[in-house]
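The following paragraphs lead the reader through a structural model. Please keep the sequence and the structure in view while reading.

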Amino acid sequence: MKSCLLFLLVLIGFLGFSQGNNNNDTELYENYREDQFYASVTYNLLNNKPSGISQTGFSSGFHFGFIRDMPINKKRNVAIGLGMGISTNSYNQKNVLIEDIDNSIYFTKIDEGDYNVSKNKFTTYLIEVPLEIRWRTSNASDYNFWRIYTGFKMGYLLYNSSKFRSEVTDVKLSNIDSFNKLQYGLTLSAGYGTWNFHVYYGLNSIFDESVTFEDESIDMKSLKIGLMFYIL
């Protein structure tokens, strides 16, 4: 009798456990979404450069943040993603010197061969808010899938710096007012599993309207191309 009672208790417990697993599985699929941390490494280019300004070396960008996934269809493979992140972006330039003269920022054309330049770049640090339309071939149990995420990213400039180093002179500037505080553009991430191609196309100028180079307004925009990694 005791053996039968013990068997019944074990059976009831097993059935209860199994039912709990089924409920958990159902809940998992019903609540499935791709909330993710992201990390990206990019090669940064300058669009719309004035005549005489060029780029040299590797201009890098590093981006990290979190995106909340909000599915909008029954299969939960189409979603809106809204997130927040930070990024640092460097831009190596050539034949231009950024300097502060009487509290005003000037872009002056130079011949770097006359200066023996070892460093000439400016760097931006931003807090960013990405907004995406997300399509994928995933489900709650498949972690390797195709994805296409496209959207818009708004960035707010927290800090900037400019460094020029040569045999003739060294110039270091920080928190230059001539940078646009708001920087925004279009984004696209596409790929399979861990490896994803990523591109950001800036829609507005890095610098404000007051900045000129040889009496020409500087309307340089950022183009970032690289790899995006999503971490569950």
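**Salt bridges and confidence**

Arg-68 counts as partly exposed because its relative accessibility is 37%; buried means under 20% relative accessible area, exposed over 50%, and partly exposed in between, with a 1.4 Å probe and protein chains only. The model is predicted, so that local features need pLDDT of at least 70 and side-chain atom pairs count only at pLDDT 80 or more, while totals for chains, interfaces and linings use all residues. Residues are numbered from 1 along each chain as its sequence is written, and side-chain values use heavy atoms, with hydrogens and water left out.

The side chain of Arg-68 meets that of Asp-35 in a salt bridge, at 2.9 Å from N to O. A salt bridge is defined here as a side-chain nitrogen of Lys or Arg within 4 Å of a carboxyl oxygen of Asp or Glu. The pair links distant parts of the chain, 33 residues apart: Asp-35 belongs to the loop between helix 1 and strand 1 (36-47), and Arg-68 to strand 2 (residues 60-71). Helices (H or I, at least four residues) and strands (E, at least two) are DSSP runs, numbered from the N terminus.

The structure holds seven salt bridges. Another of them joins the side chains of Asp-69 and Arg-134, at 2.8 Å from N to O. Asp-69 lies in strand 2 and Arg-134 in strand 6 (residues 119-136), 65 residues apart, and both residues are buried. Glu-128 and Lys-153 also form a salt bridge, their closest N and O atoms being 3.5 Å apart. Because Glu-128 lies in strand 6 and Lys-153 in strand 7 (residues 146-165), this pair ties together parts that are 25 residues apart in sequence. Both Glu-128 and Lys-153 are buried. Salt bridges that share partners join Asp-69, Glu-132, Arg-134 and Arg-136 into one network.

Attention now turns to Tyr-115, which is placed in helix 2 (residues 112-115). Tyr-115 counts as partly exposed because its relative accessibility is 21%. Its C-alpha atom is separated by 5.7 Å from that of Ser-166, 51 residues apart along the chain. Beyond its neighbours within four places in sequence, Tyr-115 is in contact (heavy atoms within 4.5 Å) with Ile-110, Phe-164, Ser-166, Glu-167, Val-168 and Thr-169.

Finally, confidence is given by pLDDT, the predictor's confidence in each residue, from 0 to 100. The protein averages a pLDDT of 85, and 87% of the residues score at least 70. Confidence is highest in strand 9 (residues 182-192), at a mean of 97, and lowest in helix 1 (residues 2-30), at 46. Over residues 1-23, pLDDT stays under 50, and the model has zero contacts beyond four places in sequence for them.
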